[in-house]
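Colleague: I have a model open and want to learn to read it. Can we go through a few features together?

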Amino acid sequence: MHFAASLVPCAKCGAAPGRLDLHGNDGPCSLIGECPGCGEPLHFHFDCDGDPLDRPHDALELGLAEPSQIIAPHELRAELARLDARITQPPSALAADEWQARCADARRAATAILELCKFGTDGQLEEERDRVLDRLEAFTADAPRVWRLGGKLRLVDEARALMNQVGRKTRPDAASLRRYIAQRGAPMPDADVGAITIGDESRPTIELDVRRGTIDELEAAFARVRRAADRGAFEVKVAGQRLAVTVKLDGKNVRRLTIDFSAGETD
Ligand SMILES: [Zn+2]
């Protein structure tokens, strides 16, 4: 829904919507916010089948396997073309700030192509999908370089980078988590995340001490999550695999984030 709403420019000034809050569930839902360009109130209405926050789907996707009922294929194609035009250089050629922005574009492009493929694929669209997903992987592979440049990644970026360690058929074990952290480099003094602890060989878990970051940010990184009553434990779905995430909260602030990569349910 957020993705669908983000495709609709403000009727008054043409700006793309900024932050929108979800109201309602199971039936009529609304996204409500203000235009970041002119302050005009924005209101998007959708009919939901079930609680939208209770249907875990892949972090890069907008829903389960069925094609979107609210975004048309031509809108996805147009969005993909717009994003492609913005990503003109390989990730390794970009400085930290530019890298962050283009990486976000590459992620959004991956979402657009994965959703487009749900309407049916042919050889050409599959080639296109591989191109877009390979490009996102190139950003993922280049992320440690940006860390070393001092590009301060937020909690959202940390969480996404960890999710990227999960493949369609593979999950990281403790040794590969250690390799990832070695590549990532030590936490920086002003970064959102402080100490990082990896579990022992029998349990591939990673625990982040969080200096700054909110539950809303995490939910943005994980897309739809299945929430526990206190939102301290939830399930996320990445590349078709389910992972257990627990957070220690202080109000809306996340103090600790633990991701358990042990084998769990797989669709
Ligand atoms: Zn506006």
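Predicted model: local features only at pLDDT ≥ 70, side-chain atom pairs only at ≥ 80, totals over all residues.

Colleague: How many helices and strands are in the protein chain?

Modeller: Helices (H or I, at least four residues) and strands (E, at least two) are DSSP runs, numbered from the N terminus. The protein chain has seven helices and nine strands.

Colleague: At what angle do α5 and α7 pack?

Modeller: Axes are lines fitted to C-alpha atoms, for helices over the stretch in contact, and angles run from 0 to 180 degrees between N-to-C directions. Helix α5 (residues 155-163) packs on helix α7 (residues 215-222) at about 35°, with the axes 9 Å apart.

Colleague: Which residues of α5 and α7 meet?

Modeller: Two residues are in contact if their C-beta atoms, placed from the backbone, lie within 7 Å. From α5 come Leu155, Val156, Ala159 and Arg160; from α7 come Glu217, Leu218, Ala220, Ala221 and Phe222.

Colleague: Is Val236 buried or exposed?

Modeller: A residue is buried if 20 or more other C-beta atoms lie within 10 Å of its own, exposed if 12 or fewer, and partly exposed in between; C-beta atoms are placed from the backbone. Val236 sits in strand β7 (residues 233-238). Val236 is buried because 25 other C-beta atoms lie within 10 Å. Across the protein chain, buried residues make up 28% of the 267 residues.

Note on methods:
Residues numbered from 1 in each chain as written.
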